[in-house]
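Here is a short tour to read with the model open beside you.

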Amino acid sequence: MSEANIESILQEKRLFSPPTDFSEKAHIKNFQDYQQLYEKAKANPEKFWAELAETELDWFQKWDTILDWQPPFAKWFVNGKINISYNCLDRHLKTWRKNKAALIWEGEPGDSRTLTYAQLHREVCQFANVLKQLGVTKGDRVGIYMPMIPEAAIAMLACARIGAPHTVIFGGFSAEALQNRLLDAQAKLVITADGGFRKDKIVALKEQVDQALTNNGAPSVENVLVVERTKQKIHMEAGRDHWWHDLQQSVSADCPAEPMDSEDLLFILYTSGTTGKPKGVVHTTGGYNLYTHMTTKWIFDLKDTDVYWCTADVGWITGHSYIVYGPLSNGATTLMYEGVPRSSNLGCFWDVVEKYSVNIFYTAPTAIRAFIKMGEHHPKSRNLSSLRLLGTVGEPINPEAWMWYHKIIGNQRCPIIDTWWQTETGGVMITPLPGAISTKPGSCTLPFPGILADIVDLEGNPVSDNQGGYLAVKYPWPGMMRTVYGDPDRFRRTYWEHIPPKNGKYLYFAGDGARKDEDGYFWVMGRVDDVINVSGHRLGTMEIESALVSHPAVAEAAVVGKPDEIKGEEIFAFVTLEGNYTANDDLKNQLKQHVVQEIGAIARPGDIRFTDAMPKTRSGKIMRRLLRNLAAGQDVSGDTSTLEDRSVLDKLREGD
């Protein structure tokens, strides 16, 4: 059986067209409209983006040059002056949106808060003046280490308002991981909270900050601002530590937005590498503002009446782009939730949907698979009729999870947008536009207008339909990362030199294996290191995982490659079972045979290990790198700072 045939066997045949009533009211109403937009952008990308920048954003001064492309370094809207905080707040105050809900917040213990655009603007201006009072000036980096509370978004917008680049560090990171990021960014100030609520426990955030700063651990940090959230006793160091509420109430609410150059640094966001220090992904102001604005507007088909909920944490790029900047730039009502599904309330997400009549729901496939395991009685016992659009983000979604999401959460009437993108891309790159593009479960479908993506080999040559290859982008786009902070050589090596440039033309190497089908739909197989090479055949781990999860006994599966002297790699599967099934050799053999039936003999797992839980990051992604180490009998190495529950890893080590 050829490699192409093996990789196409799991190709999804089901096709779901956008509901007619949805399409009639959508921003992009049909496939012809999408095609016209896409071809217009392809013919002249710079003109396409410039027209949108002019009509969709407010500028203090127009740009001289649309794009300055010195591969691999891009500058968009050169010499244009803009402020993303102004676009997210001030311009809406001139309209009826002034008294519209900008931010709805639900705390884990059940407390809540709603801020209108006028109220959010006031809070942001006050906090911007607090930052100025503490000596933060344009260009100074500010660390934000917060729970999911309104002050996290307020802090981001206040930093952007005065031109102080922020680096948001996920509140689940350890003191060491926090220290490394503060050191690399040379942060002048840290914003945190006494603690945060997560899974019915208090996460001691201020304590982690104290550890990170012990013995001059981050010497650039001069001040620490602390939000009172959990009210537990904490150490407050005189002269360095300040309570947010003490300073916030004593400053003016007048703080004009600083005119920023389009290419001024907006934020640094660190991505964990498998080895070495995390990469500081750099995003600048004008292009990022435009790209998050347009992708939010068209992909989520935003209406002024929508309550929009992205379940990510602001510590990740999804939270930056699709909780804060994209929705607020559009004048939307964005919802933040501090909690996550937990043993005391497995149905908490559905409680939030019901309470606030959420219309748009954007979450991760990992969460959807967890919902499946929890049981459909949780969503079925809540009123989810307000939902009109569902989305997935963070990793490829297997068709079985997609169908459950479609039937149980969407009641077979909500389009699903399966989005592919990265921290580095700034916003969604490949996605259905929900009123225009028919969907196939497991496919992120087609590129967003203005994105010229393809599947290529390592020489940069396009591969045939249904042939596995590497996902690459052929032309710059406004939301793209500009560099790795302080390390332009690493930026060049990591993203632009895997595929050698031809005739001066560079390809952005996404690091994901993928294929295109005969309809041009993209199927992302996962990270390149999540592609297994068995006897010369490249098999996407997602495809084997999808086969395993389609068996009624399997709740979740993670597949990795184990080194093999003969085959090169052997397939090793980690499996968690549905509640009524018992782990034994007979079931193990059944599952191996099931994969053979679904894909072919070449995909038969060499070994299956049953586990009660997978080692996951705090954002819900399975840490397959650790599973690869375990399968190979190696010590677990590299950065484990994002691991949520170390006991899962310990049990797997013991072979439980």
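Helices (H or I, at least four residues) and strands (E, at least two) are DSSP runs, numbered from the N terminus. The model is a predicted one, in which local features need pLDDT of at least 70, side-chain atom pairs count only at pLDDT 80 or more, and totals for chains, interfaces and linings use all residues. Residues are numbered from 1 along each chain as its sequence is written, and side-chain values use heavy atoms, with hydrogens and water left out.

**Around Val281**
- Val281 sits in strand S15, residues 279-284.
- Val281 counts as buried because its relative accessibility is 0%; buried means under 20% relative accessible area, with a 1.4 Å probe and protein chains only.
- Leaving aside residues up to four places away in sequence, Val281 touches Phe267, Ile268, Leu269, Thr271, Thr423, Glu424, Met481 and Thr483, where contact means heavy atoms within 4.5 Å.
- The C-alpha atoms of Val281 and Thr271 are 7.2 Å apart, and the two residues are 10 residues apart along the chain.

**Nonpolar cores**
- A nonpolar core is a set of buried Ala, Val, Leu, Ile, Met, Phe, Trp, Tyr and Cys residues joined through side-chain atoms within 4.5 Å.
- The largest nonpolar core has 141 residues, and Phe127, Leu131, Ile191 and Tyr325 have the most contacts inside it.
- Helix H7 (residues 150-162) gives the largest share of this core, 10 residues.
- Another core, of 29 residues, lies apart from it and includes Tyr337, Cys348, Ile368 and Phe371.
- Leu131 touches Val136, Ala158, Cys159, Ile162, Leu189, Ile191 and Leu225, not counting residues up to four places away in sequence.

Methods: Buried means under 20% relative accessible area, exposed over 50%, partly exposed in between (1.4 Å probe, protein chains only).
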